[in-house]
Amino acid sequence: MSERISVFGTGYLGATHAAGMAELGHEVIGVDIDPAKIARLSAGEVPFYEPGLPELLKRHVDSGRLRFTTDVHDAAEFADVHFIGVGTPQVRGGYAADVSQVESVIEELGPLLTRPATILGKSTVPVGTAERLAARLREIAPAGDEVDLGWNPEFLREGFAVQDTLRPDRLVLGIDRDRPGRVEQVARRVYAAMLERDTPFLVTDYATSELVKVSANAFLATKISFINAIAEVCEATGADVRDLADAIGHDERIGRKFLGAGLGFGGGCLPKDIRAFMARAGELGVDQALAFLREVDGVNMRRREHAVTLAERMLGGLDGARIAVLGAAFKPDSDDIRDSPALDVAGGLHLRGAKVVVHDPEANANAARIWPTLTYADDALEACRDAELVIVATEWKQFRTLDPQALTSIVASPRVIDGRNCLPSEDWIEAGWEYRGMGRLAG
Ligand code: UGA
């Protein structure tokens, strides 16, 4: 059965969710306060890089099942189910999450809800937020008790957003335990196609649903920092962290995924989520429980510094050195440069006097906005021309498949730091490169 749905926020999460809901057969209106974004989306264009999304969006804009607006009244009038997918970034000067965008949606939408409606929050919020927002909604919505709130965290990964939205590995719904029933029925109708495929559907209370999301990200961050901490020990001993990860990853209880040692995690989620989680634990008086996340963050940030120091060591100084940094996005198949390890390394080298040329297949423009003083090249070969050192900082396929032999005639000296342990090291060494990985071939 087709539902009338609104999605507030049209970033990576909201735009993908809106298009995904249209794909499931619903009629969808996407809402954002940014008129430029809405204009592009209405024309069927995605304002960021996400594989598969442009096709999906265009298909449903053309079919008329998906449209976009800046007008909250339009959304309130049209839809019976309202998703919230706005951002919750780190506050300036602190660790906590800034939930003001979520609050704005509630404050603007709530007073317009004159008939029964369901609001489903997808944004990552500190535990306790949903309960507070539910109480506020009851105060300000004319339909009062006929307005329900559920918390339905999103687990999509950038780069795989479409597939994760249409085929999630689980659905989680937090509800008000005193008012069960209606929200779950609505969510079951919205997600009917997924539930038919036996997608696990976990219904729980608000607090648990909020904690599920941040716990999942904290666990992933911990796994990455664990292997990066081991990488530090490997570097001190000449051991190879990639072989080590392969070996421990065969144990099903451990698993090989997210044991990729390298420059560590970045992006708009993992770094800020672990910090917001620590901040919330502090407010709740259980800061000791999450004290280990401070170390997870610390190990992660040390990897970026390590890459800069390694470059300095390999070159015998950074002042005036010409360095190619391949990658600016926080991971491949994304143009997102939020808290990007690659860009942090490029910036760090630049601040210590190196002449840095950056190339990213999709993120050059975003990177240039926050690091205008770096030089940007249109392709990898141009970035590498006359370089004394090449650093692979994001594991785009284009970089993983570079021909080390051909590249030797372009660079000034064949030195490479494989910041993501993604290159076939034997080939590079055979082609005459001085190769350094992260946590391997420490030399
Ligand atoms: C992450 C989670 O994986 C999603 O499940 C979650 O929904 C999302 O945050 C969110 O909260 O919205 P995402 O930020 O897209 O997704 O990126 P990941 O694929 O998790 O990668 C995060 C970072 O970890 C990247 O910088 C990546 O390069 C790094 N990473 C990943 C490693 O350094 N090593 C690994 O083995 C894996």
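Biologist: Let's start with the ligand. How many residues surround the ligand, and which are the closest?

Modeller: This is a predicted model, to be clear. The ligand has 21 residues around it, and the closest are L156, E158, K213, N217 and G260.

Biologist: What sort of residues are in that shell: how many nonpolar, polar and charged?

Modeller: Ten are nonpolar, four are polar and seven are charged.

Biologist: Okay, and which side chains have an N or O atom by an oxygen atom of the ligand?

Modeller: N217 is one of them, with a side-chain N or O atom 2.7 Å from a ligand oxygen. K331 is another, where the distance from its side-chain N or O atom to an oxygen of the ligand is 2.9 Å. There's a backbone case as well: a polar backbone atom of F155 sits 2.9 Å from a ligand oxygen.

Biologist: How much of the ligand does the protein bury?

Modeller: The protein buries 88% of the 710 Å² that the ligand exposes when taken alone.

Biologist: Which elements give two or more residues to the shell?

Modeller: Those are α10 (206–237) and α12 (270–283). The most comes from α10, which gives four residues.

Biologist: And where does the ligand lie relative to domain 1 and domain 2?

Modeller: Between them, because domain 1 (4–199) and domain 2 (218–437) both contribute residues to the shell.

Biologist: Switching topic: strand β7. Is it mostly covered or exposed?

Modeller: Mostly covered. β7 runs over residues 171–175, and five of its five residues are buried.

Biologist: Which residues go on which side?

Modeller: L171, L173 and I175 are on one side, with V172 and G174 on the other, and both faces are covered. In general, side chains in a regular strand alternate between the two faces of the sheet.

Biologist: What about its pairing with β8: parallel or antiparallel?

Modeller: Parallel, over five bridges, with β8 being residues 201–205. Across that pairing, V172 stands opposite L202.

Definitions and conventions:
Residues numbered from 1 in each chain as written. Predicted model: local features only at pLDDT ≥ 70, side-chain atom pairs only at ≥ 80, totals over all residues. Heavy atoms only, no water. Buried < 20%, exposed > 50% of the residue type's maximum accessible area, 1.4 Å probe, protein only. Pairing = 2+ DSSP bridges. Near = heavy atom within 4 Å. Polar contact = N/O pair within 3.5 Å; in protein donor to acceptor, adjacent residues only side chain to side chain. Areas by Shrake-Rupley, 256 points an atom, 1.4 Å probe, with all protein chains shown as cover. Nonpolar A, V, L, I, M, F, W, Y, C, P; charged D, E, K, R; others polar. Domains from an automatic or database assignment.
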